[in-house]
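Hi,

Here is the structure I promised to pass on.

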Amino acid sequence: MKSVAALCLVVLLCSFHEVKAQAKVLPPVDFSAMTCDQFWAKTPPNDRGPFLFWLSGYFGHKNNTPVLDPVGFTEKTKALSDYCSKQPNDNILSAAEKAFTR
């Protein structure tokens, strides 16, 4: 549990540092209106982390699990990317549900 908390703290600190260094604020995102292609094409790689963590937490909550599994998160994020590359017009929220709930 301590390692998960430490990992979350490091991710948060890195995110805050990068946002502060770039002096920009990420805009609100309506995942229900966004396609896979829009997410991957319009979200810069350095900005995807917070959105992917949000998606993971959103579906983790639906699965009623309080566990953050960094390896599983990486695998599920890759699965989402792979799925979206094959189905670019699918809604990112429904694609993430398929990737994060299996």
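This is a predicted model: local features need pLDDT of at least 70, side-chain atom pairs count only at pLDDT 80 or more; totals for chains, interfaces and linings use all residues.

Let me start with an alanine on the outside: at 58% relative accessibility, Ala41 counts as exposed. By the cut-offs used here, exposed means over 50% relative accessible area, buried means under 20%, and partly exposed is in between (1.4 Å probe, protein chains only). Ala41 lies in helix α2, residues 36-42.

Residues are numbered from 1 along each chain as its sequence is written, and side-chain values use heavy atoms, with hydrogens and water left out.

Now the overall picture. Helices here are DSSP runs of H or I with at least four residues, strands are E runs of at least two, and both are numbered from the N terminus. Of the 102 residues in the chain, 27% are buried. The accessible surface comes to about 7,000 Å², and 62% of that belongs to carbon and sulfur atoms; these areas come from the Shrake-Rupley method with a 1.4 Å probe, and for residues only the protein chains shown count as cover. If you take the contacts between residues at least 6 apart in sequence, 66% join residues at least 24 apart. Contact means heavy atoms within 4.5 Å.

Helix α4 (residues 70-86) and helix α5 (residues 92-100) pack at an angle of about 135 degrees, with their axes 9 Å apart. The axes are lines fitted to C-alpha atoms, for helices over the stretch in contact, and the angles run from 0 to 180 degrees between N-to-C directions. The two helices are therefore oblique to each other: under 35 degrees would count as roughly parallel, over 145 as roughly antiparallel, 65 to 115 as roughly perpendicular, and the rest is oblique.

Who meets whom? On the α4 side you will find Phe73, Lys76, Thr77, Ala79, Leu80, Tyr83 and Cys84, and on the α5 side Ile92, Ala95, Ala96, Lys98, Ala99 and Phe100. The residues of this contact divide into 10 nonpolar, 1 polar and 2 charged.

Ala99 sits in α5 and is buried, with a relative accessible area of 4%. Not counting residues up to four places away in sequence, Ala99 touches Lys76, Ala79 and Leu80. The C-alpha atoms of Ala99 and Ala79 are separated by 5.8 Å. Ala95, also found in α5, counts as buried at 0% relative accessibility. Leaving aside neighbours within four places in sequence, Ala95 is in contact with Cys36, Leu80, Tyr83, Cys84 and Asp90.

That brings in Cys36, which is found in α2 and counts as buried at 0% relative accessibility. Cys36 and Ala95 are 59 residues apart along the chain, with their C-alpha atoms separated by 7.5 Å. Beyond its neighbours within four places, Cys36 has contacts that include Cys84, Pro88 and Ile92.

Cheers

Definitions and conventions
Ala, Val, Leu, Ile, Met, Phe, Trp, Tyr, Cys and Pro count as nonpolar, Asp, Glu, Lys and Arg as charged, and the others, Gly among them, as polar.
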